[in-house]
Amino acid sequence: FFRNIDVLAEIPMHIVHGRFDQVCPLTQASRLVAAMREAGSEPATYVVTNAGHSAMERDNALALTAIMDGLPALS
């Protein structure tokens with residue numbers, strides 16, 4: 001399903017997906033995570049929220065903020 005997943009699997013990925021997203025079905029995120037695991041990599045974060053597609057929805061915003069707060073500072 002994913003071409004060059006081995007290249008993508010080397011990049012630290014944080015995935016936040018709303019279970020009620022009608023733009024990108026949840027199966028797309030699930031397939032990406034499964035492909036990464038098959039390639040021997042685990043996403044840095046994989047969160048499924050009770051939101052839809054928008055990063056502005058409360059649950060998505062909270063998950064994204066928590067991820068960003070945990071990233072190292074840029075210097």
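User: Where is Val-16 found in this model?

Analyst: You'll find Val-16 in strand β1. Keep in mind that this is a predicted model.

User: Why is Val-16 called partly exposed?

Analyst: Its relative accessibility is 22%. Buried means under 20% and exposed means over 50%, so at 22% Val-16 counts as partly exposed.

User: What does Val-16 touch, leaving out residues up to four places away in sequence?

Analyst: Val-16 touches Val-47, Thr-49, Asn-60, Ala-63, Leu-64 and Ile-67. Take Thr-49: it sits 33 residues from Val-16 in sequence, and the two C-alpha atoms are 7.3 Å apart in space.

User: What makes Thr-45 buried?

Analyst: Thr-45, which has its place in strand β2, has a relative accessible area of 18%. The cut-off for buried is under 20%, so Thr-45 is buried. Setting aside neighbours within four places in sequence, Thr-45 is in contact with Met-13, His-14, Ile-15 and Ile-67.

User: Why is the pair Arg-37 and Glu-42 called a salt bridge?

Analyst: The closest N and O atoms are 2.7 Å apart. The rule asks for a side-chain nitrogen of Lys or Arg within 4 Å of a carboxyl oxygen of Asp or Glu, so Arg-37 and Glu-42 form a salt bridge. Arg-37 has 46% relative accessibility and counts as partly exposed; Glu-42, at 48%, is partly exposed too.

User: And what makes Asp-59 and Arg-58 a salt bridge?

Analyst: Here N to O is 3.8 Å. That is within 4 Å, so the side chains of Asp-59 and Arg-58 meet in a salt bridge.

User: Are Asp-59 and Arg-58 exposed or partly exposed?

Analyst: Asp-59 has 28% relative accessibility, so it falls between the cut-offs and counts as partly exposed. Arg-58 has 62%, which is over 50%, so Arg-58 counts as exposed.

User: How many salt bridges does the rule give?

Analyst: The count comes to 2.

Notes
Residues are numbered from 1 along each chain as its sequence is written. This is a predicted model: local features need pLDDT of at least 70, side-chain atom pairs count only at pLDDT 80 or more; totals for chains, interfaces and linings use all residues. Side-chain values use heavy atoms; hydrogens and water are left out. Buried means under 20% relative accessible area, exposed over 50%, partly exposed in between (1.4 Å probe, protein chains only). Helices (H or I, at least four residues) and strands (E, at least two) are DSSP runs, numbered from the N terminus. Contact means heavy atoms within 4.5 Å.
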